[in-house]
Amino acid sequence: MNDIEKRVEETLNSLDGMRRAEANPFLYTRIQARLQQSRSGLERLILMAGKPAFAFLVLLIVLATNIMVMLKGTAEASAVKQEQIQFAVADEYHLDVPALYDYENPEP
Amino acid sequence: MVYNTALSIVQQAEDAEDVTQEVFVQVYQSIEGFKRESKFSTWLYRITLSKAMDHERKKKRKKRFAFVKSLFGEGNEVVVNIPDFNHPGVSLDNKEKAGILFKAMQSLPDNQRIAFVLNKVEGLSYQEISDVMDTTVSAVESLLHRAKSNLRKDLKTFYDQLRK
């Protein structure tokens with residue numbers, strides 16, 4: 001085994017016999033304080049609202065609502081227009097049903 | 001156990017403390033969901049490794065973003081200085097080599113890194129590691145074999161370059 005291989009093996013075995021690292025004694029106090037913090041329902045909602053997934057969902061809902069309103073508006077507008085055209089044609093060619101007492105537009 | 005495992009993954013004391021805190025908060029919040037299908041220590045290791053690896057991924061993303069934003073110093077050189085990690089549990093005569101090994105471990109794939117840390121740092125048996133990683137003993141043997149093989153390759157390159 002040459003020198004480099006020997007060093008490689010020694011490096012690989014350098015963790016043998018190691019002890020566990022001990023945390024800062026104040027870490028326990030810090031964790032306790034964090035666990036004792038109580039979260040109100042509003043705080044949880046605010047935290048959730050801060051997440052990107054929630055913002056993306058809200059954006060999707062807003063876009064979907066916008067598209068639905070636009071489509072509905074377009075459909076209604078075309079229906080109204082169609083009706084107007086029908087009335088105009090009926091009026092032009094006197095196709096409307098005359099009222100019984102409509103003296104201004106007598107039947108031809 | 002939690003702090004030691006976290007420290008071996010994130011390789012910075014402050015980050016390890018943050019991860020440890022997150023682990024205990026998670027345990028506190030989800031203790032009722034612990035079904036006792038495995039040992040409590042197995043469950044604790046899983047949470048610790050999950051939090052530690054998440055932390056590492058976040059750190060890598062930040063580094064990539066910072067690199068894109070340009071961290072160049074004078075003469076167009078990258079000036080990111082990664083400090084060497086000294087695990088406090090390693091004996092004095094092995095500190096330098098252990099520092100080199102911990103640095104090499106950073107480039108291992110996640111699963112290999114986890115298996116290596118659990119075996120070498122925490123001293124778990126192959127059976128215990130397979131319980132933590134939810135896999136078979138032979139899979140753990142394979143992961144450790146590949147981890148050591150990758151580490152040998154990286155260390156050989158490192159020492160070759162040092163020689164030149």
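Trainee: At what angle do helix 5 of chain B and helix 6 of chain B pack?

Mentor: First, this is a predicted model: local features need pLDDT of at least 70, side-chain atom pairs count only at pLDDT 80 or more, and totals for chains, interfaces and linings use all residues. Residues are numbered from 1 along each chain as its sequence is written, while chains are lettered from A and ligands numbered from 1 in the order in which they are written. Helices are DSSP runs (H or I, at least four residues) numbered from the N terminus, and axes are lines fitted to C-alpha atoms over the stretch in contact, with angles from 0 to 180 degrees between N-to-C directions. For this pair the axes lie 10 Å apart and the angle is about 140°.

Trainee: Which word describes helix 5 of chain B relative to helix 6 of chain B?

Mentor: Under 35 degrees is roughly parallel, over 145 roughly antiparallel, 65 to 115 roughly perpendicular, and the rest oblique. The angle is about 140°, so helix 5 of chain B is, relative to helix 6 of chain B, oblique.

Trainee: Which residues of helix 6 of chain B make the contact with helix 5 of chain B?

Mentor: Residues are in contact if their C-beta atoms, placed from the backbone, lie within 7 Å. Helix 5 of chain B brings Ile114(B), Ala115(B), Leu118(B) and Asn119(B), and helix 6 of chain B brings Ile129(B), Val132(B) and Met133(B).

Trainee: Which helix of chain B gives the largest share of the side that touches chain A?

Mentor: The contact takes 20 residues from chain A and 28 residues from chain B. The largest share of chain B's side is seven residues, from helix 7 of chain B.

Methods. Two residues are in contact if their C-beta atoms, placed from the backbone, lie within 7 Å. Helices (H or I, at least four residues) and strands (E, at least two) are DSSP runs, numbered from the N terminus.
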